[in-house]
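Colleague: I would like to learn how to read features off a model. Please take them one at a time, general idea before the case.

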Amino acid sequence: MLESIVSDASRQITYRSIARGHEKSIRFQQFFLSQEWLALRQAFDELKVDNLRSQFHYGITNDSSVVEMKMSFLNDAKLKFDRKSSAVTNGKSQREVSLQDQRDLKVMDSLVNRRLDQLGWHTNRNYALYDYSDGRLVKGQQSAQTASSFVSGKYTYNLKFQNRYQLIIPSIVWLIVFQMRYYLISSFLMLFLTAVAFYLLIRLMKNQQLYAQAKMTFTSNMTHELQTPISTISVALESIKKYHLIDQPEKLENYINISTHELQRLQAMIEKVLKQEQMDLGETQLQFSLIDVQPILQQVIYAMDVQIREKNALLVFLPSDEPLFIKGDAMHISNVFYNLIDNALKYSPAHAKIEVSLSIADRQLTISFKDNGPGINEIYQQQVFERFFRIFNQDNIHNVKGSGLGLHYVKQVVELHGGRVALQSKIGKGSNFMIILPLYEEN
């Protein structure tokens, strides 16, 4: 590319230097602007034989129809008295020829620089000028070509044959980079997209692996959860049959109550899984109506009284003095309350204290479930609402059996009601789950 710029500039300037008065001649243009003429002239310029020097003469008729040319070689002996004897003067003085040569040189250098600038190759460049007859350096600094530099061939820029022009660019690294900019950009873009694709693929595989592990853990936990009430009921029925408890009404009633409680627990777990699946598939249709939150919360607390007593826990309910109405689904809201109280009971130590309170601020209802359990590490406080996620202890074991669906269900239901769930917790200082719901407002 650089070589073609210099050679084309040489051809153009040579044509301009001899085309004065003949610009309209088509044959003139065809000849002096042809690649064949450039190759012929360049070959003649480069042809050097020992003790001989090339010489070129031309003549043009007035109508530009005939161009007379003469190429010859002269012995060095004939040139020793005049170093410029090979220059074509056409009747002009040597001074006039030199001035014209300087003007053509400026135009040549200007054209080369302009074409480089048009291509966006703004870089340091200079030129060297060599005597046509003996090849000695006349102007500029000769530069040895290296891997990071460019030195063009030597070109004449008129038919006076005084000097030859050579373009020198000290470093073409940035020229190469600029010329390949679109290829480099596309290559870097492809590398970037490939890296992003690999990252997303690895992330997807990792998430799938975590999800698969979570499903296995869920299956294991649910199997244990379902097996416990079944085993209890089985033992109770076997005891009734084995010990003929039909004759002992008090023990029989006790075993029947145990079996009934375990059946209710089994049914609750199955319903939780079914509701969660329906929720994830988007098949759950909430039945919105105007409901008062406090009676629903009191009913859930009353229903869980047996579980609270079994844990020797204390549940403190701080009701509001006025009704608190929201637009929501009473069944799902009650399930949310049940899940949060059940979690507080399961994860709190013996003689746990659970505080349930209600407050209003900025037309929003906040229902707080505060316990004195072990607390949740800050790094897990967002993950606890993910499906199947459960916190491990230091030995990578779950301290409490469960499905890992409760809090995920809570978050989904609350968000479907236009609210949000907040968590405040510190290790060793318990947890506070807060449900924030919009209060009902009459239009």
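Colleague: Why are D8 and R11 separated by about one helical turn?

Modeller: An α-helix has 3.6 residues a turn, so residues three or four places apart point the same way. D8 and R11 are three residues apart in helix 1 (residues 2-18), which puts about one helical turn between them. Helices here are DSSP runs of H or I with at least four residues, strands are runs of E with at least two, and both are numbered from the N terminus. This is a predicted model, in which local features need pLDDT of at least 70, side-chain atom pairs count only at pLDDT 80 or more, and totals for chains, interfaces and linings use all residues. Residues are numbered from 1 along each chain as its sequence is written, and side-chain values use heavy atoms, leaving out hydrogens and water.

Colleague: What do the side chains of D8 and R11 form?

Modeller: Side chains of opposite charge can pair when their charged atoms come close. The side chains of D8 and R11 meet in a salt bridge, at 2.4 Å from N to O. The term requires a side-chain nitrogen of Lys or Arg within 4 Å of a carboxyl oxygen of Asp or Glu.

Colleague: Are D8 and R11 buried or exposed?

Modeller: Buried means under 20% relative accessible area, exposed means over 50%, and partly exposed is in between, with a 1.4 Å probe and protein chains only. D8 has 18% relative accessibility and counts as buried. R11 is buried too, with a relative accessible area of 11%.

Colleague: Which other residue forms a salt bridge with D8?

Modeller: That is R115, and the closest N and O atoms of the pair are 2.1 Å apart. D8 in helix 1 and R115 in helix 5 (residues 94-118) are 107 residues apart, so this pair links distant parts of the chain. R115 is partly exposed, with a relative accessible area of 22%. D8, R11 and R115 are linked in a network of salt bridges.

Colleague: How many salt bridges does the structure hold?

Modeller: It holds six. One of them joins the side chains of E441 and R363, at 3.0 Å from N to O. E441 lies in the segment after strand 13 (431-438), and R363 lies in the loop between strand 10 (353-361) and strand 11 (364-371), so the pair ties together parts that are 78 residues apart in sequence. E441 is partly exposed at 44% relative accessible area, and R363 is partly exposed at 46%.

Colleague: At what angle do helix 1 and helix 5 pack?

Modeller: Axes are lines fitted to C-alpha atoms, for helices over the stretch in contact, and angles between N-to-C directions run from 0 to 180 degrees. Helix 1 and helix 5 pack at an angle of about 140°, with their axes 9 Å apart. That makes helix 1 oblique to helix 5; angles under 35 degrees count as roughly parallel, over 145 as roughly antiparallel, 65 to 115 as roughly perpendicular, and the rest as oblique. The crossing of the two helices is right-handed, a term used if the near helix is turned clockwise from the far one by less than a right angle, with anticlockwise giving left-handed.

Colleague: How do helix 9 and helix 11 pack?

Modeller: Helix 9 (residues 293-303) and helix 11 (residues 330-347) pack at about 50°, with axes 9 Å apart. These helices are therefore oblique to each other, and helix 9 passes helix 11 in a right-handed crossing.

Colleague: Which residues of helix 9 are buried?

Modeller: They are V293, Q294, I296, L297, V300 and I301. Seen down the axis of helix 9, these buried residues fall within an arc of 165°, so they line one face of the helix. The arc is that of the directions from the helix axis to the C-beta atoms. Exposed residues Q299, Y302 and A303 are on the face of helix 9 turned away from its buried side.

Colleague: Which residue has a phi near 50°?

Modeller: Most residues other than glycine have a negative phi. H244 has a positive phi, near 50°, and is not a glycine. H244 lies in the loop between helix 7 (181-242) and helix 8 (249-280), and is exposed at 52% relative accessible area.
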